[in-house]
Amino acid sequence: MTKRIALVTGGTGGIGTAICKQLHDDGYQVVAGYYHGGNHDKAQTWQDKLKEEGYDIALAYGNIRDFASCEACIEGIRKDFGTIDVLINNGGITRDTTLRKMSPEYWHDVIETNLTSVFYMTRLVINDMLEKKWGRIVNISSINGEKGQFGQANYSAAKAGMYGFTKAVAQEVASKGITVNTVSPGYIATSMIMDVPEEIREEIRKGIPVGRFGEPEDIARVVSFLAEDKAGFVTGANISANGGQYMH
Ligand code: CAA
């Protein structure tokens, strides 16, 4: 049987790498989307390292903020492997600062990279999924989209926006074998969290009932479940994985 094709945007990042490995172990042909401002060597180094660990993961370059670039990325994957069965919208950035100091540039950077990209990528794969009558879309949101976060008006707005998008699209495609869900990670031990000043980070850690930051694998397990054939009844849902930091 030919392998299903899974594209993970931001696939070479902290959570993205764990998702790529998990989906590879689940039997998918995994493609890691990357941008790195055009630094292809960085992506190549990532791919080589994973190969040494036994993971055969393809790379696809694309700027998720740019529709034409997304189109070229999806077209390249189509040519090399076929149409995408599983899309994990995981790529994202932070530009943290309080609202009183937030520039329009910081606002647009985060909204376009974290939210508009989800529209672009989903729009570009949805017709192939509709034709196949099967698909899995998982949007990686955040605890801070659920609860808001001091210093993240842009990021919280983008991540909250994903819930509305997910629930609207889930309704449109539910009868065609396609599920659309969000996963909302809490604070996961990746470079994104390590960029938060240490004293603030330590305060955040104290507020996590399980007593630790999450591991990228904690998120990859949830994504793996949602991508399964047998998860076909779960759609328009949000699964929080945050160590109990926010319960609602
Ligand atoms: N709640 C209330 N007040 C707070 C606060 C909080 N959480 N944090 C800081 N303040 C207060 C300070 O005590 C200070 O008060 P005074 O002016 O009375 O002394 C004031 O706010 C500081 O305000 P500034 O506008 O000067 O803010 P700053 O420039 O010092 O720092 C910040 C702002 C960079 C956003 C910093 O607070 C920060 O890094 N916060 C963490 C943001 C965060 O959690 N980011 C998550 C990144 S990881 C991620 O996003 C992944 C994911 O999905 C979870």
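User: Where do I start? How many helices and strands does the chain have?

Analyst: Start with the secondary structure. The chain has nine helices and seven strands. Keep in mind that the model is predicted.

User: How do I judge the overall form? What does the radius of gyration agree with?

Analyst: Compare the value with the one for a compact globule. For 248 residues, that would be near 18 Å. The chain has 17 Å, so the value agrees with a compact globule. For the outline, picture a box along the principal axes. The C-alpha atoms fill roughly 50 × 40 × 35 Å.

User: What share of the residues is buried?

Analyst: Burial is judged by relative accessible area, and under 20% means buried. In this chain, 50% of the 248 residues are buried.

User: What about the surface? How much of it belongs to carbon and sulfur atoms?

Analyst: The accessible surface is about 11900 Å². Carbon and sulfur atoms account for 52% of that surface.

User: How do I read contacts along the sequence? What share joins residues at least 24 apart?

Analyst: Set aside pairs that are close in sequence. Among contacts between residues at least 6 apart, 74% join residues at least 24 apart.

User: What is a disulfide, and how many does the structure hold?

Analyst: A disulfide is a covalent bond between the sulfur atoms of two cysteines. This structure holds zero disulfides. Take Cys 70, which is in no disulfide. Its nearest cysteine sulfur belongs to Cys 73, 6.9 Å away.

User: Now a residue in a loop. Where is Arg 65, and which residues does Arg 65 contact?

Analyst: Find the flanking elements, then the neighbours. Arg 65 lies between strand 3 (58-61) and helix 3 (67-80). At 30% relative accessibility, Arg 65 is partly exposed. Beyond neighbours within four places in sequence, Arg 65 contacts His 108, Asp 109, Glu 112, Thr 113 and Tyr 120. Its C-alpha atom is 17 Å from that of Thr 12, which is 53 residues away along the chain.

User: Follow one of those contacts. Where does Thr 113 sit?

Analyst: Thr 113 belongs to helix 4 (residues 104-132). It is buried, because its relative accessibility is 9%. Apart from residues up to four places away, its contacts include Ile 64, Arg 65, Gly 91 and His 108.

User: Is a residue in a loop buried or exposed, taking Phe 213 as the case?

Analyst: Check the accessibility of each residue. Phe 213 is in the loop between helix 8 (198-206) and helix 9 (216-227). Phe 213 has 12% relative accessibility, so it counts as buried. Its contacts, leaving aside neighbours within four places, include Tyr 187, Ile 188, Ile 193 and Ile 204. Its C-alpha atom lies 8.3 Å from that of Asn 242, 29 residues away in sequence.

User: One more loop. What does Thr 190 touch?

Analyst: Thr 190 lies between strand 6 (178-185) and helix 7 (191-194). Its relative accessibility is 14%, so Thr 190 is buried. Not counting residues up to four places away, Thr 190 touches Gly 14, Ile 15 and Pro 216.

Terms used:
Residues are numbered from 1 along each chain as its sequence is written. This is a predicted model: local features need pLDDT of at least 70, side-chain atom pairs count only at pLDDT 80 or more; totals for chains, interfaces and linings use all residues. Side-chain values use heavy atoms; hydrogens and water are left out. Helices (H or I, at least four residues) and strands (E, at least two) are DSSP runs, numbered from the N terminus. The radius of gyration is taken over C-alpha atoms; the globule rule is 2.2 Å times the number of residues to the power 0.38. Buried means under 20% relative accessible area, exposed over 50%, partly exposed in between (1.4 Å probe, protein chains only). Contact means heavy atoms within 4.5 Å. Accessible areas come from the Shrake-Rupley method with a 1.4 Å probe; for residues, only the protein chains shown count as cover. A disulfide is a pair of cysteine sulfur atoms within 2.5 Å.
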